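Hi,

Here is the model I said I would pass on. Have a look at it first, and my notes follow below.

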Amino acid sequence: MSDYACRRLVGRTALITGGASGIGLASARRLAAEGANVVIADMDASAGEAAAAEVGGTFVRANVTSPEDNANMYKVDRKSTRLNSSHANISYAVFCLKKKK
């Protein structure tokens, strides 16, 4: 694979709900490997922090059924992946919902 293909997402931000495990974590790994700034949103804070550390991203604790949490997880700065007040900086969003047990 060419270097361009491997780094084509540099400067882009990907928000991944359910990113602390399973297909969400796999998506986070792949997007980070291609250069994206990754924001992992999940209800499990310890797994979310670990996943974000693994991919060099940011963790946001969020329950996707909460309107407040939804608004907060979209407040991301594209360049630094820090939370801010803009909703327009997400380049990609991946939604991986977990089944209720």
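What pattern does the chain follow, read along the sequence? It goes α-β-α-β-α-β-α-β, and the secondary structure comes to four helices and four strands. Helices here are DSSP runs of H or I with at least four residues, strands are runs of E with at least two, and both are numbered from the N terminus.

A word on the ground rules before the details. This is a predicted model, so to speak of local features I needed pLDDT of at least 70, and side-chain atom pairs count only at pLDDT 80 or more, while totals for chains, interfaces and linings use all residues. Residues are numbered from 1 along each chain as its sequence is written, and side-chain values use heavy atoms, with hydrogens and water left out.

For the chain as a whole, 40% of the 101 residues count as buried. Buried means under 20% relative accessible area, exposed means over 50%, and partly exposed is in between (1.4 Å probe, protein chains only). Take the contacts between residues at least 6 apart in sequence: 49% of them join residues at least 24 apart. A contact is heavy atoms within 4.5 Å.

Helices α2 and α3

The axes of α2 (residues 22-33) and α3 (residues 45-55) come within 9 Å and cross at roughly 20°. That crossing makes α2 roughly parallel to α3. Angles under 35 degrees count as roughly parallel, over 145 as roughly antiparallel, 65 to 115 as roughly perpendicular and the rest as oblique. The axes are lines fitted to C-alpha atoms over the stretch in contact, and the angles run from 0 to 180 degrees between N-to-C directions.

On the α2 side the contact is made by L25, A28, R29 and A32, and on the α3 side by A51, E54 and V55. Sorted by class, that gives five nonpolar residues, no polar ones and two charged ones. For the classes, Ala, Val, Leu, Ile, Met, Phe, Trp, Tyr, Cys and Pro count as nonpolar, Asp, Glu, Lys and Arg as charged, and the others, Gly among them, as polar.

Salt bridges

How many salt bridges does the structure hold? There are two, counting a side-chain nitrogen of Lys or Arg within 4 Å of a carboxyl oxygen of Asp or Glu. Side chains of opposite charge can pair when their charged atoms come close.

One of them joins E54 and R29, with the closest N and O atoms 2.5 Å apart. E54 sits in α3 and R29 in α2, so this pair ties together parts that are 25 residues apart in sequence. E54 is partly exposed at 47% relative accessible area, and R29 is partly exposed too, at 40%.

The other salt bridge is between the side chains of R30 and E34, at 2.7 Å from N to O. Are these two residues buried or partly exposed? R30 is partly exposed, with a relative accessible area of 47%, whereas E34 counts as buried at 5%.

A few single residues

In α3, have a look at A50 and E49. A50 is partly exposed at 46%, and its C-alpha is separated by 7.7 Å from that of A20, 30 residues away along the chain. E49 is partly exposed at 47%; E49 and A20 are 29 residues apart in sequence and 7.9 Å apart in space, C-alpha to C-alpha.

Over in α2 there is L31, which counts as buried at 15% relative accessibility.

Last, D69 in helix α4 (residues 67-73). D69 counts as buried, at 19% relative accessibility. Leaving aside residues up to four places away in sequence, D69 touches R61, A62 and N63. D69 is also 9.3 Å from A41, C-alpha to C-alpha, and the two are 28 residues apart in sequence.

Cheers
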